[in-house]
Amino acid sequence: LFSRLVEWVIPLSLLSIFPSIAYTISQGVYEFAFFDVIFLCILLYVGFGKNIENNNRKLLYMAFLYCTALLLLIYVGAAGPGQLFLYTACIQGLLILSSRYAYLWSWLNLAAVFIFAIVLHFQLSPMEAANDFDVVEWLVIATNLIFLSFLSSALIPQIFYGLSVTFRSHQDLQKKLSLKNKEQKVLLVELKEKNMELEQFAYIASHDLQEPLRMIGSFMGLLQKNYQTQLDDKANQYIHFAVDGARRMKAIILDLLEYSRAGKPDHTVEKISFSEVLEEYAELRRDIIAQKDATIIYNNLPEINGYKLPLVQALYNLIDNALKYAKEEVAPKVSIYVIDKDDEWLFSVKDNGIGIEERFFDRIFVMFQRLHNKDEYHGTGIGLAIVKKNIESMNGKIWVESVKGEGSTFHLTVPKLP
């Protein structure tokens, strides 16, 4: 701040001193010209003198300001710029020096006022213009200067203190935020590495676990085939349980493998025709659709740009669930809607099935959280978790609206892609 102050004061002083020197010489007031030259030399020394410590430079600058103010009072009088210099010196002292000296400048101004009062009383000024006011008039005039000086000494340090506290708090907050960001980046890297390790583990484990399950299923099948007549009903029932357990375990492993792969949409965006997607679904599931006498309704579905595999997988899973959880002796009716929002697509799959209680809305999207006995409805309890992972990987959302016994509507959104 002091450097900037001197950078501005010196050029402005040069602009004002040279005309002043020329004018005083032309008027024959050589004392003023002499003082202007001294003023200029001292100012240049304070600003550019070498081997001067910064604090000493500041003190010299303040002494220079007060001496200049006194000289102006003595030679120009109370009507001149002397008071302005005194107040300027007070403000600059408050700005460039420690707040410990805040009231020093006000007391110096008060001392300068009394010194000039003595000059006036004893008619010590060599200039007639400086003696225009008497002592009382000068003290009345100088009251404003003293008031403003003490007011500035009281307020400006407090303002600067508040600003410095705010600035330091802001710096501390920035450092903390920067540290938190670095920690978060490290944690994100570690999390990605752990996720990759877990996904790799799940992939390897699922493949390794399938082999013994195949062996269990094969040998149990051979045991039942070759020794069925030699085993009683209880033994055949145990074999059936073992084969069914191996089959369900294999289904869980395959779904876990699918879940580990979910959330990684192909980065190639392609145009998807959902009318064609649902035609393909109807062809793939024609047996179950015919068996349940199901109706799948969709009209004028749009073509959109997106990641085809996770979107198709999500829709297939939701329609499969709508067919699976149909009411007994009621033909399933599934309606698919797509709504064009401002910056996203909203997909809705509505059915007339058994419905879901509201307290289970969040639970159904968690792995292995089944709401029904496996004997009632087959499945592993991973399907909706896979759907949720795929949709959220595309920065979308999924939720359900349902009333027990009146069907369910699953909604999912995906952002629009160019």
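# Note on the predicted model

1. Leu-155 counts as partly exposed, its relative accessibility being 45%. The model discussed here is predicted. Leu-155 has its place in helix α6, and Leu-155 is one of the residues of a nonpolar patch on the surface. Which helix supplies the largest share of the patch? That share, seven residues, comes from helix α6, which spans residues 135-227.

2. **Overall composition.** The protein has 418 residues, and buried residues make up 34% of them. Its secondary structure comprises eleven helices and seven strands. The accessible surface comes to about 26200 Å², and 60% of this area belongs to carbon and sulfur atoms. Of the contacts between residues at least 6 apart in sequence, 67% join residues at least 24 apart.

3. Is Trp-105 buried or exposed? With a relative accessibility of 4%, Trp-105 counts as buried, because buried means under 20%. This tryptophan lies in helix α5, residues 102-121. Apart from neighbours within four places in sequence, Trp-105 is in contact with Met-62, Tyr-66, Cys-90, Gly-93, Leu-94 and Leu-97. Computed along the sequence, Ser-152 is 47 residues from Trp-105, while the C-alpha atoms of the two are 9.9 Å apart in space.

4. **Cysteines.** One of the contacts of Trp-105 is Cys-90, a residue that is itself buried, with a relative accessible area of 0%. Cys-41, by contrast, is partly exposed, at 46%. How many disulfides does the structure hold? The number is zero. A disulfide is a covalent bond between the sulfur atoms of two cysteines.

5. **Helix α8.** This helix covers residues 274-284, and its buried residues are Phe-274, Val-277, Leu-278 and Tyr-281. Why can these four residues be assigned to the same side of α8? They cover an arc of only 90° around the axis, and therefore they lie on the same side of the helix.

6. Side chains of opposite charge can pair when their charged atoms come close. The structure holds five salt bridges. In one of them, Arg-286 pairs with Glu-283, and the closest N and O atoms are 2.8 Å apart. Both partners are partly exposed: Arg-286 has a relative accessible area of 48%, and Glu-283 has one of 46%. Another salt bridge joins the side chains of Arg-359 and Glu-357, at 2.8 Å from N to O. Here Arg-359 counts as exposed, at 62% relative accessibility, whereas Glu-357 is partly exposed, at 29%.

7. **A salt bridge between distant parts of the chain.** The side chains of Asp-340 and Lys-416 also meet in a salt bridge, with an N to O distance of 2.3 Å. Where in the chain do the partners Asp-340 and Lys-416 lie? Asp-340 is in strand β4, and Lys-416 is in the segment after β7 (408-415). The two residues are 76 residues apart, and the pair thus links distant parts of the chain. Asp-340 counts as partly exposed at 49% relative accessibility, and Lys-416 counts as partly exposed at 30%.

8. **Positive phi at Asp-293.** The phi of Asp-293 is near 55°, a positive value in a residue other than glycine. Asp-293 lies in the loop between α9 (286-292) and β2 (295-297). With a relative accessible area of 55%, Asp-293 is exposed, because exposed means over 50%.

9. **Positive phi at Glu-329.** Glu-329 likewise is not a glycine, and its phi is positive, at about 60°. In which loop is the place of Glu-329? Glu-329 is in the loop between α10 (308-324) and β4 (333-340). At 85% relative accessibility, this glutamate counts as exposed.

How values were computed
Residues numbered from 1 in each chain as written. Predicted model: local features only at pLDDT ≥ 70, side-chain atom pairs only at ≥ 80, totals over all residues. Heavy atoms only, no water. Disulfide = S-S within 2.5 Å. Buried < 20%, exposed > 50% of the residue type's maximum accessible area, 1.4 Å probe, protein only. Arc of directions from axis to C-beta. Contact = heavy atoms within 4.5 Å. Areas by Shrake-Rupley, 256 points an atom, 1.4 Å probe, with all protein chains shown as cover. Salt bridge = Lys/Arg side-chain N within 4 Å of Asp/Glu carboxyl O. Patch = residues over 30% accessible without salt bridge, like charges linked within 9 Å, V, L, I, M, F, W, Y side chains within 5 Å.
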